[in-house]
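Here's a quick tour of a protein model with a ligand in it. Have the viewer open and follow along.

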Amino acid sequence: MGFLSDLKILYHMVLKPIRGKDHAARLESFYAGQAEAYDDFRRRFLHGRQEMVSWIDPPPRAVWVDMGGGTGANLEFIAERITDLSKVYVVDLSPSLLKVCRRRAEQRGWNNVEAVEADATCFQPPEEQVDVVTFSYSLTMIPDWFAAIDNAKRLLRPGGVIGVVDFYISRKYPPDGLKRHGWWTRAFWPFWFGIDNVFLSPDHVPYLHRHFTPVRFDERRGKVPYLPFARSPYYIFVGRKSPGGPPG
Ligand SMILES: C[S@@+](CC[C@H](N)C(=O)[O-])C[C@H]1O[C@@H](n2cnc3c(N)ncnc32)[C@H](O)[C@@H]1O
C-alpha cells in the first residue's frame, strides 16, 4: 500500500515495456503485474467514474454491461443498487484484472455479477436486450473504439442508456458549445498517454453525440498523481439510444 504500491504502478506505467503479439496480449502484459494495486492508484487518477454511474438510473431487473470493466471498480459505485439488477457483465480482455473482479463479487455476495473475458467490440450477452452499457476509461484503450460504441448501440434496447467517462482532447475547431483545448493540451496529453497505449481522441465526444441523445454531458480536467501542476482533460457523457426505429 501507499508509496511502495505507487512505485510498483509507476514502474509498470512508465518503465516496463509493453509486449505482446496482439491487443489482448499487450493488455495483459501491461496489467498482470499491477492488477492487485490497480484500484488504489486509479482512484486518484480516473476521475468522474462515480458521478457517471450515479447519473444512470436503471429500471428494476435491468441488464448492465460494463465494457472494459477491469477489476470491477464501478461495481462499488453501483453498490447497493446491484441487487436490484438482473445481471451485471464486467467485460474485459485482461484475465488478471478479471480475477480481482471475480474476487470482489464473491466477497460482496454479488451473485448476479459475471466477469467475462471478451472483446468489447463484439461481446454479446445471452440476453436479447441490454438496459445500460458503460465504458469508464476503456474507450481510449480500445483501438477500434468506434466498433465498441457501435456494438453498445446494437446491444442496447430502444431507450437504453450509455455512460462514458474518459480522457480526451478537443478538436482544433470543435462544434459550438464544446470546449476548445489549446495546442499544448492537444499535443502533450496524447503523447503522454500514448506511452501506455492509451489513445486520446478528439472524436469520441462528437461520435457519442451523433449516435445517442445526450442526457447529461460535462467536460472537465482532473489531477494526475505525481504531476502536481498538470490537469488532464476528461469528459462524462450519458446518453440514450433513440426509443423508436430499428435497432443498431
Ligand atoms: C484504464 S482501464 C479501466 C478499467 C475500469 N473500467 C476502471 O474504470 O477502473 C481500461 C480497461 O479496458 C480494457 N480493454 C481494453 N481494450 C479492450 C477490449 N477491446 N475489450 C475489452 N476490454 C478492453 C483493459 O483491459 C482495461 O481493463
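## Around Trp64

Leaving out residues up to four places away in sequence, Trp64 touches Pro58, Leu85, Val88, Asp131 and Val132, where a contact means C-beta atoms, placed from the backbone, within 7 Å of each other. You'll find Trp64 in strand E1; strands here are DSSP E runs of at least two residues, helices are H or I runs of at least four, and both are numbered from the N terminus.

Is Trp64 buried or exposed? Trp64 has 28 other C-beta atoms within 10 Å, so it is buried (buried takes 20 or more other C-beta atoms within 10 Å of a residue's own, exposed 12 or fewer, partly exposed in between, with C-beta atoms placed from the backbone). His47 sits 17 residues from Trp64 along the chain, and their C-alpha atoms are 21 Å apart.

A word on the ground rules: this is a predicted model, so local features need pLDDT of at least 70 and side-chain atom pairs count only at pLDDT 80 or more, while totals for chains, interfaces and linings use all residues. Numbering starts from 1 along each chain as its sequence is written.

## The whole protein

Nine helices and seven strands make up the element list of the protein. Its radius of gyration is 17 Å, close to the 18 Å that the globule rule gives for 248 residues, so the protein is as compact as a globular protein of that length (the radius is taken over C-alpha atoms, and the rule is 2.2 Å times the number of residues to the power 0.38).

The C-alpha trace spans about 45 × 45 × 35 Å along its principal axes. Of the 248 residues, 36% count as buried. Among contacts with a separation of 6 or more, 76% come from residues 24 or more positions apart.

## The ligand shell

How many residues surround the ligand? There are 22, and the closest are Gly68, Gly70, Ala120, Ser136 and Ser138 (near means a C-beta atom, placed from the backbone, within 6 Å). Helix H5 (73-78) and strand E2 (87-92) are the elements that give two or more residues to this shell.

By type, the shell has ten nonpolar, eight polar and four charged residues. Nonpolar covers Ala, Val, Leu, Ile, Met, Phe, Trp, Tyr, Cys and Pro, charged covers Asp, Glu, Lys and Arg, and the others, Gly among them, are polar.

## Two positive phi angles

Most residues other than glycine have a negative phi. Arg61, not a glycine, has a positive phi of about 60°, and Tyr137, also not a glycine, has one of about 55°.

Arg61 lies in the loop between helix H4 (49-54) and strand E1 (63-67), and it counts as exposed because it has 11 C-beta neighbours inside 10 Å. Tyr137 is in the loop between strand E4 (130-136) and helix H7 (145-155), and it is buried, with 21 other C-beta atoms within 10 Å.

Notes: Two residues are in contact if their C-beta atoms, placed from the backbone, lie within 7 Å.
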